[in-house]
Amino acid sequence: MRPLLVLLHLATFGLCSLVMLFQAYTHELPTLAYYVVLVLFIVSVVSSIIRGSEHLAVVGVFSFFMVLRLMFYVSTFFLVFPFGDPYGQFGVLRAFDQTSHISIVFPNIPPFDATLYLAVLTNQYSQWPGFQILTLSFSRITGLQLLQSAMAITMILDVGWFMVAYSVVRKVLGRTLVNLPNSVALCLAIVSALPTTEMPSYFKYDFPATLFLLVSLLLLLRVYDNHDLKVLIPLTILSVAMTVTHSITNLFWVLLLLPFALWTAAPRLFVAMSSKIPFIFGRSILWPKFTRQPPLHALFIFALLSFFSWSAFYAVYLVRYTSVSAGKVLSSFSFAALSGSRLPTNQKHIAMLTPKWLLELLTARDYVFLGLLLAGLLTLVLVPTLVRRAHVKILLLTVALIVVVTEFSEALNFGDRAFLLFAPLIGFLTFVPLIILGYRWPKPSRVAAVSLMVLLMLSLGLGFWGSSYAPAGLYAQGTDTSLASGRPLVWPGVASYLSVSGKQSCILTNEIYVTSLGIPVDEWNISKVIGNVSPTPGCLVVVYPHLFSAPGENASSFGFDDPYKPYQGFSRFSFYDHLYNDTDKIFSTSDVSQATIYYYS
């Protein structure tokens with residue numbers, strides 16, 4: 001590709017990125033201008049894939065990937081995290097910072113907030129402190145405040161995730177015959193725009209654990225590709241990192257190691273399977289030949305023992321959770337769970353935020369994605385010659401099995417957990433039908449691949465992080481960014497209101513979960529819990545009518561409660577009457593899971 005065209009593409013990537021972020025920050029441009037820039041950005045990326053080098057195409061995909069993940073943070077001035085869980089995670093980070101990691105050493109001593117209400121959710125999250133240790137270390141090294149460190153580490157992990165995803169896609173495609181232009185960049189564009197990846201990225205412990213898992217997959221492939229047994233040392237370290245960071249990711253890592261451990265224990269049996277079930281492995285599949293088998297059975301046993309030991313002696317919440325929910329796992333397997341997990345998700349929460357045509361586009365996107373994914377799974381089994389390396393085939397089959405099992409279970413799914421963890425490999429499986437099409441009809445396959453990429457990128461740019469939440473207000477002209485947060489919807493409005501007026505001295509709430517949610521609020525040290533303080537002029541009051549919270553949900557769903565009594569010592573009814581009569585209502589919603597905000601005037 002000519003240098004002038006390369007510079008033109010790079011300039012287009014940069015200009016489109018700046019315009020999109022400017023609109024997220026100011027909302028001053030016409031909405032049509034955003035649409036035009038979005039289309040130009042996608043066209044430029046497509047052009048770089050079709051006509052440019054792999055490096056140029058990857059730069060374009062990376063630019064699009066980062067801009068879409070930054071728009072939420074830019075729109076809310078880096079004051080607010082999306083959704084609810086990151087605030088609980090930040091509560092753990094703050095507690096560890098204040099107690100010099102006392103909660104890491106003694107996990108069953110729950111941290112308390114300033115009002116001495118038991119922070120149950122914070123205690124549960126503190127039992128997997130790996131992410132908080134990483135963030136605190138980053139804060140101490142750089143000198144940044146906790147909130148700034150939490151924001152920065154999320155962006156750093158985003159960059160790391162993209163780089164590792166690129167390496168995974170490149171390695172897997174290197175073991176596959178592909179007749180598509182710039183196949184690595186094309187597949188990576190599909191991976192980055194899948195409705196399975198978090199947008200914007202959470203400040204949450206499963207995000208770094210996902211990165212640990214993907215790096216471990218790369219090292220596992222290196223064992224078989226390069227016969228490099230020295231990587232077993234970093235594999236062991238990463239296994240420990242997953243154990244102390246996130247339970248579900250650690251469990252999936254153990255399951256991924258299981259077939260490789262069996263292969264190490266009985267190598268001849270696995271080789272014999274290639275002749276017994278040729279429709280899966282193929283007679284000509286390449287089995288790596290070692291002078292001695294890699295001790296992956298030892299790594300599997302170590303990972304398994306680490307998982308059970310940590311759960312039994314430290315992360316006691318997992319044992320408690322499992323004991324009351326194990327019976328629900330088997331009963332939760334159904335086709336309804338599969339359809340409910342992907343199509344459509346939580347649209348009742350976003351009807352007021354997103355136009356109908358956009359919801360229909362996102363739903364169509366989900367159907368196309370699911371159709372290609374199912375076709376890819378079937379192709380992986382029925383076309384043995386697609387992947388000729390035995391270890392890659394075993395890895396893909398294991399991932400596919402985990403995805404199928406978890407997606408058919410509401411109890412095991414945990415918000416499309418398998419999709420989130422294995423996004424690069426899921427993207428490859430979605431890409432597989434296009435590879436097969438390219439064997440027979442090269443030109444139609446290229447058109448189909450580019451069309452899929454455009455559909456995913458366009459729906460991503462318009463709907464952002466998928467049909468579960470599609471805040472068009474991030475780019476529409478003149479919109480209020482208070483509608484741009486996750487759960488609960490009101491916190492960007494609170495942060496913006498406080499920062500603009502500068503008159504408020506406190507925020508009151510009747511829910512301890514919200515105390516841990518108030519990231520900018522708590523940083524300013526102005527949050528209190530209703531019951532310990534009385535409303536005074538200049539206060540914002542956040543009232544959850546039915547005390548919706550994660551601990552409350554657990555009590556109803558899993559049969560156990562927590563020692564949390566929010567209304568001791570005062571009459572909630574008289575307090576609510578006082579609010580309704582003597583305050584100005586700022587925000588209200590009929591949804592009981594959301595809050596009402598009052599300004600005490």
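**View 1. The largest nonpolar core has 147 residues.** Met20, Ile49, Trp161, Trp253, Phe422, Phe428 and Phe431 have the most contacts inside this core. A nonpolar core here is a set of buried Ala, Val, Leu, Ile, Met, Phe, Trp, Tyr and Cys residues joined through side-chain atoms within 4.5 Å. Helix α8 gives the most to the core, with 16 residues. Phe428 touches Val172, Leu173, Thr176, Cys187, Val387, Leu396 and Ile435, leaving out residues up to four places away in sequence. A contact means heavy atoms within 4.5 Å. Buried means under 20% relative accessible area, exposed over 50%, and partly exposed in between (1.4 Å probe, protein chains only).

This is a predicted model: local features need pLDDT of at least 70, side-chain atom pairs count only at pLDDT 80 or more, and totals for chains, interfaces and linings use all residues. Residues are numbered from 1 along each chain as its sequence is written, and side-chain values use heavy atoms, with hydrogens and water left out.

**View 2. The protein chain holds 27 helices and five strands.** Helices (H or I, at least four residues) and strands (E, at least two) are DSSP runs, numbered from the N terminus. Of the 601 residues in the protein chain, 58% are buried. Among contacts with a separation of 6 or more, 76% join residues 24 or more positions apart.

**View 3. Phe65 and Trp161 belong to an aromatic cluster with Phe62 and Phe162.** The whole structure has 18 aromatic pairs. The ring centres of Phe65 and Trp161 are 5.7 Å apart and their planes lie at 5 degrees, so this pair is stacked. Rings of Phe, Tyr and Trp (its six-membered ring) pair if their centres lie within 6.5 Å; planes under 30 degrees apart count as stacked, over 60 as edge-to-face and the rest as tilted. Phe65 sits in helix α3 and Trp161 in helix α8 (residues 146–173), 96 residues apart. Phe65 is buried at 1% relative accessibility. Trp161 is also buried, at 6%.

**View 4. Trp128 and Tyr205 pair edge-to-face.** Their ring centres are 6.3 Å apart, with planes at 85 degrees. Trp128 lies in the loop between α6 (120–125) and α7 (130–142), and Tyr205 in the loop between α9 and α10 (206–226), so the pair ties together parts 77 residues apart in sequence. Both residues are buried. Trp128 is also in contact with Val244, which lies in the loop between α11 (232–243) and α12 (247–265).

**View 5. Arg170 and Glu54 form a salt bridge, 2.9 Å from N to O.** A salt bridge is a side-chain nitrogen of Lys or Arg within 4 Å of a carboxyl oxygen of Asp or Glu. The count by this rule is seven. Arg170 is in helix α8 and Glu54 in helix α3, 116 residues apart. Arg170 is partly exposed, at 44% relative accessible area.

**View 6. Lys171, Asp225 and Arg389 are linked in a network of salt bridges.** The closest N and O atoms of Asp225 and Arg389 are 3.7 Å apart. Asp225 is in helix α10, and Arg389 is in the loop between α17 and α18 (390–407). Asp225 is buried at 19% relative accessibility, whereas Arg389 is partly exposed at 30%.

**View 7. Arg365 and Asp366 form a salt bridge, with closest N and O atoms 2.7 Å apart.** Arg365 is buried, at 1% relative accessible area. Asp366 is buried, also at 1%.
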